[in-house]
Structure formats: C-alpha cells, structure tokens
Amino acid sequence: MAEYSREFSNFPSQKITRHDFKNVDDNIAPVINQINLLRTQGLYNQAARIIQQNFDVLSHYIVDAITYRTWEEEIYNTQIYARRKQQSIYFDDSEDDFDGIEEDVWVGGD
C-alpha cells in the first residue's frame, strides 16, 4: 500500500493545513492589476519581482504553487488514510460490482 507523502502535508499525524484567503479588495487591487498588466505584456520577470516584494501581503489573496501542492498532497494522504481504515458496508445481492478493500467487513442482504 502507498505511503503518506510528507513534503507539504503531515496528515494524518497533524491536522490538515487551513488557508484563510481573502477576496481582492481596494487595498491590494493596484498591486494585482500591475502584476496582471506586466504579465499581459510578457514582462514576467518584472511581475515576479513585484510578487516577491509584496509576498507577505499577496500571500493572503493569491493561491500559489506551494498551496496547490499542499492541497494535492493532503488530498492524497486523506485518500490513503481512508483506504487504510476498516469499514463496514452493506450491499444488496443484486449489485454486480462493488469496490471491496481487503479487511473491510461486507454484509450482504438476501
């Protein structure tokens, strides 16, 4: 069975990371508009510099690659955790297929 991934997530030994993102407001809009304008002009290095200079503020408004990787890894770890837990599932005899997992308890009807 797969092992937990630990680069961005410590689930299930710790809680899943909570991210409290804000909606863009008048305080940050000028910076975001400047970044978007530079990107549309193909000036990616300048846009990246503005992002780096304002990272502390922008991190509350913009989802970055690290956040996506954290979400992806925490979903992956949650899937592994769920599949390792023994579950009791009732199924009807008329069901042609069901996704049984080793060590689960399957109870059928008549």
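**Notebook: a predicted model, looked up piece by piece**

I began with Thr 70, which I found in helix 4, the helix that spans residues 65–84. Since this is a predicted model, I take each value below as computed from that prediction.

Is Thr 70 buried or exposed? I noted a relative accessible area of 7% for Thr 70, and because buried means under 20%, Thr 70 counts as buried. I then looked up what Thr 70 touches once its neighbours within four places in sequence are left aside, and I found contacts with Phe 8, Thr 17 and His 19.

**The chain as a whole**

I next stepped back to the protein chain, which has 4 helices and 2 strands, and which, read along the sequence, follows the pattern α-α-α-α-β-β. Of its 110 residues, 20% count as buried.

**Before helix 1**

Which residues does a cis peptide bond join? I found that this bond lies between Phe 11 and Pro 12, with omega at about 15 degrees. Pro 12 itself sits in the segment before helix 1.

**Helix 1 against helix 2**

I then turned to helix 1 (residues 29–40) and helix 2 (residues 44–53), whose axes come within 8 Å and cross at roughly 160 degrees. Because that angle is over 145 degrees, helix 1 is roughly antiparallel to helix 2. I also recorded that helix 1 passes helix 2 in a left-handed crossing.

Which residues make the contact? On the side of helix 1 I listed Val 31, Gln 34, Ile 35, Leu 38 and Arg 39, and on the side of helix 2 I listed Tyr 44, Gln 46, Ala 47, Ile 50 and Ile 51. When I sorted the residues of this contact by kind, they divided into 7 nonpolar, 2 polar and 1 charged.

**A closer look at Gln 46**

From that list I picked out Gln 46, which is found in helix 2. Its relative accessibility is 35%, so Gln 46 counts as partly exposed, a class that lies between the limits of 20% and 50%. Lastly I looked up how Gln 46 stands to Ile 35, another residue of the contact between the two helices, and I found their C-alpha atoms separated by 8.2 Å, with the two residues 11 residues apart along the chain.

How values were computed. Residues are numbered from 1 along each chain as its sequence is written. This is a predicted model: local features need pLDDT of at least 70, side-chain atom pairs count only at pLDDT 80 or more; totals for chains, interfaces and linings use all residues. Side-chain values use heavy atoms; hydrogens and water are left out. Axes are lines fitted to C-alpha atoms, for helices over the stretch in contact, and angles run from 0 to 180 degrees between N-to-C directions. Angles under 35 degrees count as roughly parallel, over 145 as roughly antiparallel, 65 to 115 as roughly perpendicular and the rest as oblique. A crossing is left-handed if the near helix is turned anticlockwise from the far one by less than a right angle, and right-handed if clockwise. Contact means heavy atoms within 4.5 Å. Ala, Val, Leu, Ile, Met, Phe, Trp, Tyr, Cys and Pro count as nonpolar, Asp, Glu, Lys and Arg as charged, and the others, Gly among them, as polar. Buried means under 20% relative accessible area, exposed over 50%, partly exposed in between (1.4 Å probe, protein chains only).
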